[in-house]
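This report describes selected features of the structure displayed below.

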Amino acid sequence: MKAKFLVPLALFLLLVGFLGFGLSLNPREVPSPLIDKPAPAFTLARLDQPAQTFALDEMRGQVWLLNVWASWCVACRQEHPVLVELARRGIVPIVGLNYKEVRGDGGLDARGMALDAETGLAIERARGWLRAHGDPYQLSVLDIDGRVGIDFGVYGVPETFLIDREGRIRYKHIGPVTPDNLQNVLIPKIEELKRAS
Amino acid sequence: MIPELGHFALVMAFALALVQAVVPMVGAARNNPSMMAVARPAAQGQFFFIIFAYGCLTWAFITSDFSLQLAASNSHSDTPLMYKITGVWGNHEGSLLLWSLSLSLWTVAVTVFSRHLPEAFMARVIGVLGWVSLGFIAFMLVTSNPFDRLLPGAPEGRDLNPLLQDPGMIIHPPLLYMGYVGFSVAFAFAIAALLTGRLDAAWARWSRPWTTVAWVFLTAGIAVGSAWAYYELGWGGWWFWDPVENASFMPWLLGTALIHSLAVTEKRGAFRSWTVLLAIGAFSLSLLGTFLVRSGVITSVHAFATDPARGMFILALLVVVIGVSLLLYAWRAPKLTGGGSFGLVSRETTLLGNNVLFAVVSASVLMGTLYPLFLDALNLGKISVGPPYFEAVFVPLMTPVVVLMMFGPFLRWKDDDFGAAVRKLAPAAVASVVSGFGIALAIDHVTWRTVLGLTLAAWVVLASLQLLAGRLRERAGASVSSRLSMIPAAWWGMWLAHFGIGIFIIGVTMVGSIDSNLDLRMKDGDQTEFAGYTVRFRGVVDAPGPNYDASRATLEVSRDGKPIATLQPEKRVYRAMGMPMTEAALDIGVFRDVYVSLGEQLPEGDWIVSLHHKPFISWIWAGCIFMVLGGILAAADRRYRRLAERTAAAGALQQAT
């Protein structure tokens, strides 16, 4: 076996290394500068009652999760049963941040759509999705233009933020929450925060 | 019940793929004819079960069975029948089933059309195809089952992505997949040849028609996809260098190199290990393309589009298929020395030069496609690579390819006289440069890019004509028609495909140089002058379709007072997804397209209208059609059939005695 004939194999294995790396590690581990900082304040319209708003401060005194989701997000469908199960067990309240429901959808051209038309479409789509897949959220709010998402440094959907009683972000999970993540990371952290005070 | 039958059929296909992968291979190794004979029935049985499974899935779509997850997510009871049928492959799981179906179709074609091959070789080819099929069926069964139920069933489906509800999408994916998957046959021949150590001219002759047919499908598939992007996405662009397009373009580049390399191996016995490597490479890039598109490894930077388990599975599949074949290559290829020697100025040299360039181009495209991923993995930040990179790499590398491409056919195999060749082609070369500059001046667009493009196009066209004339001068004395009929189909195929490249370059250059577009607001009765045409806006009416609501505008296009066309672009909202879509309207002509798309309605009631004038864009598709026809002619050359008949006759004779 001459060395030069191994070159294609070596190049291929190098490529596989990168692909594997790209697949497994990196999008999920982006350090967030927001950890242990107060969560950015927001007041947004509620999905169930768009006339009413919900503000971050309303959760003060509770340990809770903020889950960023959208109906166009395929991976949200993957994590959704995990959240539904978590909500059923009543361990922690979950608030949904519906992120760019209309304009985030790559297949959809929302430029030039009037804001109220976009909001109407977003509500219809988001509610339909929750009806189809179950609603684990105490409530969801509508981040139509994604500003709140930007404040939270949302990098890809889904993301999940763990927020403590003082309204500080204590942990951020990027990508779908798996039963494994939930059992070994999130729930222990939640219990710890609950015990803390 | 029907989906369960489909699922069961898929499991049966898996079992038969396992048999097909193992038994004939063992039989070939032990020289056991009855085990080798399992290859054909196993492959044909697998085909039966896959087509049955595919039929079951289609049935669920046609009958709007929304208790099937896939139908509920990708179909709707109001969807037109045609798009219910094509909706089957407009999604991840269904497109994998289509992949398997086309692999199975190719395998059956091999069992039917390659009866003259030695039995042991045949058994290995089918066995290799069985391994590939096994991997893909397992992928479906483990991570992407198209027959997953949704219980309780949805009352209504979410409909097929409206972008895919288009005639172009009816034929684009099947063509593309037939092309992608077709390279598996060349791959299987290469692996079988490596296993037996029999990499000779006969092997190249057997692989050639298969490879050419796969290349024809891939070329047609890419062209249709590009045409679809042109009129459906509503921007008037035809190639965007996005990862999904690159995924199909890379195997095309290596496949093109492979076709030419096989020609040299068949005629001269040279380049053998290089040809094998190209055969492995072309199919590997097809698999890699599937991986890139299906794993979401590229797009995942922005949204976690897909399930990482799927990505890991395909990656594992890649490692097994490509890794094992490259290992086999490293082990066996060093024995492949020899082959015909050739001089510096010879047809072999031009073919080798172009093959190397093709390989470099596909490596660069791969690099550009994966570069964001590399940087991200190395923690150097997140970037995206756009068309400027690809054009900067592509143009300088393809320029010598086009020049050499026309040189090659004028040179003799083995050795030729450089001076004589240059003298023969100098007039055409000078004429090309002159016409390149001349036409650029005439269209008043003298940039280096336009001049280069036009010069290359003229070079291809002029040298092609000279080549044809030279061919006709042979056998002087005979009538023109008999001289024409003496030329073998393979030669015509080569000539036509190369000529098509010239036509293609004209289209690309002209569109890139002198297209124009104008966005403006219009209301009923407004008119505007654009690119020499008068465009009058005749208002917008509601035009509901089966599963969408549309606003349809009417625009009258005239030139010098003579009506040319009435165009009716639409703005559609597909009801199930609430998704707005732009449906452009085109007046297609030989020398230009007029392309109109309807934008938003402004609060005052005016509409945004986007007008495009696309000179020579049809020449891009015409060039592709020439290439496809060339490929078909080359694959249909009589000598392949004669060979088949001869061997069959010899076999019959042997049996008789």
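Which domains does the domain assignment of chain B give? The assignment, which comes from an automatic or database source, gives domain 1 (176-396) and domain 2 (397-514). This is a predicted model, in which local features need pLDDT of at least 70 and side-chain atom pairs count only at pLDDT 80 or more, while totals for chains, interfaces and linings use all residues. Residues are numbered from 1 along each chain as its sequence is written, and chains are lettered from A and ligands numbered from 1 in the order in which they are written.

**Domain contact**

In chain B, 21 residues of domain 1 are in contact with 17 residues of domain 2 (C-beta atoms, placed from the backbone, within 7 Å). On the domain 1 side, α10 (243-268), α13 (347-377) and α14 (387-407) of chain B each give two or more residues; helices (H or I, at least four residues) and strands (E, at least two) are DSSP runs, numbered from the N terminus. The most comes from α13(B), with ten residues. This side has eleven nonpolar, six polar and four charged residues, where Ala, Val, Leu, Ile, Met, Phe, Trp, Tyr, Cys and Pro count as nonpolar, Asp, Glu, Lys and Arg as charged, and the others, Gly among them, as polar.

**Helix α7**

Helix α7(B) (residues 119-143) should span 36 Å for its 25 residues at 1.5 Å a residue, and its end C-alpha atoms are 36 Å apart, in agreement; the expected span is 1.5 Å times one less than the number of residues. Of the 25 residues of α7(B), 19 are buried (20 or more other C-beta atoms within 10 Å; exposed means 12 or fewer, partly exposed in between; C-beta atoms are placed from the backbone).

**The sheet**

Four strands of chain B form an open antiparallel sheet in the order β1-β10-β9-β8. Because β1 (516-522) and β8 (585-588) of chain B each have a single partner strand, one side of each is left without a neighbour in the sheet. Pairing requires at least two DSSP bridges between two strands.

| Strand pair | Bridges |
|---|---|
| β8(B) and β9(B), residues 592-601 | four, antiparallel |
| β9(B) and β10(B), residues 607-615 | eight, antiparallel |

The hairpin of β8(B) and β9(B) has three residues between the strands. Here Ala585(B) is bridged to Val596(B), and Leu586(B) to Tyr595(B). In the hairpin of β9(B) and β10(B), five residues lie between the strands, and Gly605(B) in the turn has a positive phi of about 100°.

Eight of the ten residues of β9(B) are buried, so this strand is largely enclosed by the rest of the structure. Gln601(B), found in β9(B), counts as partly exposed because it has 15 C-beta neighbours inside 10 Å. Opposite Gln601(B) stands Trp607(B) in β10(B).

Technical notes: Contact = placed C-beta atoms within 7 Å.
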